[in-house]
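Subject: Structure for you to look at

Dear colleague,

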Amino acid sequence: MLTSRGSAKRIAYFQYDFDVDGGDAGAITVLGSNIPSGAIITSGMIHVNTAVTSDGSATVAIQAASSEDILAATAKASLTLNALLDLVPVGTAATAIRLTSQINSLTFTVGTAALTAGKITACLEYLEPTA
Amino acid sequence: MQNTSLSPVKCVSYCEYDFSVDGGAVSAITVECNPIPAGAIITSGVIHVKTAVTSAGSATVAIQALSSEDILAATGKASLTLNALLDVVPVGTAATMIRATSNITTLTFTIGTAALTAGRICVALDYFVTA
């Protein structure tokens with residue numbers, strides 16, 4: 001049977017910008033698109049708009065609902081200008097994330113050392129709640 | 001923290017090669033597509049053969065957006081049958097994605113080995129805009 005749900009796959013963007021958000025080691029909340037409770041994040045990608053730099057061995061991890069569920073801690077060496085990175089969800093059921101509450105932000109966790117520059121866009125594809 | 005101004009949609013560009021319109025000589029045939037802006041990231045897509053490709057010889061078809069065979073490697077007519085669905089080179093992984101370094105308004109269909117005598121091929125490319 002047909003359902004009343006929309007037929008489009010949804011996209012949510014979240015953009016971390018050092019100039020706006022700072023880069024201290026720790027958790028940085030980055031607001032973006034709203035994703036409703038019950039949605040299923042299936043896939044997406046990360047684009048490094050501006051290279052991530054640091055005086056130390058900085059890492060960046062990204063979280064939607066639980067630690068590193070979008071991007072595992074990734075060293076600055078992999079976050080170069082125009083780098084494209086896979087998300088943890090790669091279009092398989094085993095890696096998909098079902099949200100148990102609404103989110104409108106991602107947490108970018110800077111590890112080991114502070115950042116001195118960087119701009120990262122996370123693009124998340126999701127299915128609307130199925131119940 | 002910030003809200004992103006990026007539009008929460010994934011875009012699709014369509015391009016349709018039609019033998020009856022574009023001809024089928026062994027050559028590079030330029031076919032208009034829905035514009036893809038510079039900076040966009042082509043993540044995936046699909047090729048749909050709407051009319052079987054035929055040829056008196058062992059014709060091949062390759063498709064290019066920015067560089068040779070970056071959308072479809074040279075493919076024999078035997079694979080281009082009515083309603084065949086083919087993967088494009090970008091298959092949703094960071095390693096295969098294409099970042100458009102300039103506006104894309106056409107795709108190039110390269111006919112190899114022998115001329116075509118029929119065929120209609122639709123290409124749909126999914127892309128994100130992250131800037």
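Before the first residue, one cut-off is needed: a residue is called buried here if 20 or more other C-beta atoms, placed from the backbone, lie within 10 Å of its own. Please also keep in mind throughout that this is a predicted model.

With that cut-off in hand, B:Gly119 counts as buried, because it has 24 C-beta neighbours inside 10 Å. B:Gly119 belongs to strand β9 of chain B, which covers residues 116-128. Once its neighbours within four places in sequence are left aside, the residues in contact with B:Gly119 are B:Phe19, B:Gly24, B:Thr51, B:Ala52, B:Val53, B:Thr54 and B:Leu80. One of these, B:Phe19, is 100 residues away from B:Gly119 in sequence, yet the two C-alpha atoms are 5.3 Å apart in space.

Turning to chain B as a whole, its secondary structure consists of one helix and nine strands, which follow one another along the sequence as β-α-β-β-β-β-β-β-β-β. Among contacts in chain B between residues at least 6 apart in sequence, 80% join residues that are at least 24 apart. The C-alpha trace of chain B spans about 60 × 20 × 20 Å along its principal axes, and its radius of gyration of 15 Å agrees with the value near 14 Å that a compact globule of 131 residues would have. Buried residues account for 34% of the 131 residues in chain B. As for confidence, chain B has an average pLDDT of 94, and 96% of its residues score at least 70.

Chain A is likewise made of one helix and nine strands, and reading along its sequence gives the pattern β-α-β-β-β-β-β-β-β-β. Its radius of gyration is 15 Å, close to the 14 Å that the globule rule gives for 131 residues, so chain A is as compact as a globular protein of that length. Taken along the principal axes, the C-alpha atoms of chain A fill a box of roughly 55 × 20 × 20 Å. Buried residues make up 40% of the 131 residues in chain A, and of its contacts between residues at least 6 apart in sequence, 79% join residues at least 24 apart.

How do the two chains meet? The contact takes 28 residues from chain A and 18 residues from chain B. On the side of chain A that touches chain B, the elements that give two or more residues are β1 (10-17), α1 (18-21), β2 (26-35), β3 (40-54), β6 (84-86) and β9 (115-127) of chain A, and of these β1(A) gives the most, with seven residues. By type, the residues on this side of chain A divide into eleven nonpolar, eleven polar and six charged. For the complex, the predictor gives an ipTM of 0.77 and a pTM of 0.85.

In soluble globular proteins, nonpolar side chains tend to be buried together. In this model, the largest nonpolar core has 64 residues, among which A:Met45, A:Leu106, A:Phe108, A:Ala122, B:Ile42 and B:Val123 touch the most other members. Leaving aside its neighbours within four places in sequence, A:Phe108 is in contact with A:Tyr16, A:Ile28, A:Val30, A:Val60 and A:Ile62.

Finally, two loop residues may be worth a look. A:Asn82, in the loop between β5 (71-75) and β6 of chain A, has a positive phi of about 65 degrees although it is not a glycine, and it counts as partly exposed because it has 14 C-beta neighbours inside 10 Å. B:Glu69, in the loop between β4 (60-64) and β5 (72-76) of chain B, is also a residue other than glycine with a positive phi, near 60 degrees, and with 15 C-beta neighbours inside 10 Å it counts as partly exposed.

With best wishes

How values were computed
Residues are numbered from 1 along each chain as its sequence is written. Chains are lettered from A and ligands numbered from 1 in the order in which they are written. Two residues are in contact if their C-beta atoms, placed from the backbone, lie within 7 Å. Helices (H or I, at least four residues) and strands (E, at least two) are DSSP runs, numbered from the N terminus. Ala, Val, Leu, Ile, Met, Phe, Trp, Tyr, Cys and Pro count as nonpolar, Asp, Glu, Lys and Arg as charged, and the others, Gly among them, as polar. pLDDT is the predictor's confidence in each residue, from 0 to 100. A residue is buried if 20 or more other C-beta atoms lie within 10 Å of its own, exposed if 12 or fewer, and partly exposed in between; C-beta atoms are placed from the backbone. A nonpolar core is a set of buried Ala, Val, Leu, Ile, Met, Phe, Trp, Tyr and Cys residues joined through C-beta atoms within 7 Å. The radius of gyration is taken over C-alpha atoms; the globule rule is 2.2 Å times the number of residues to the power 0.38.
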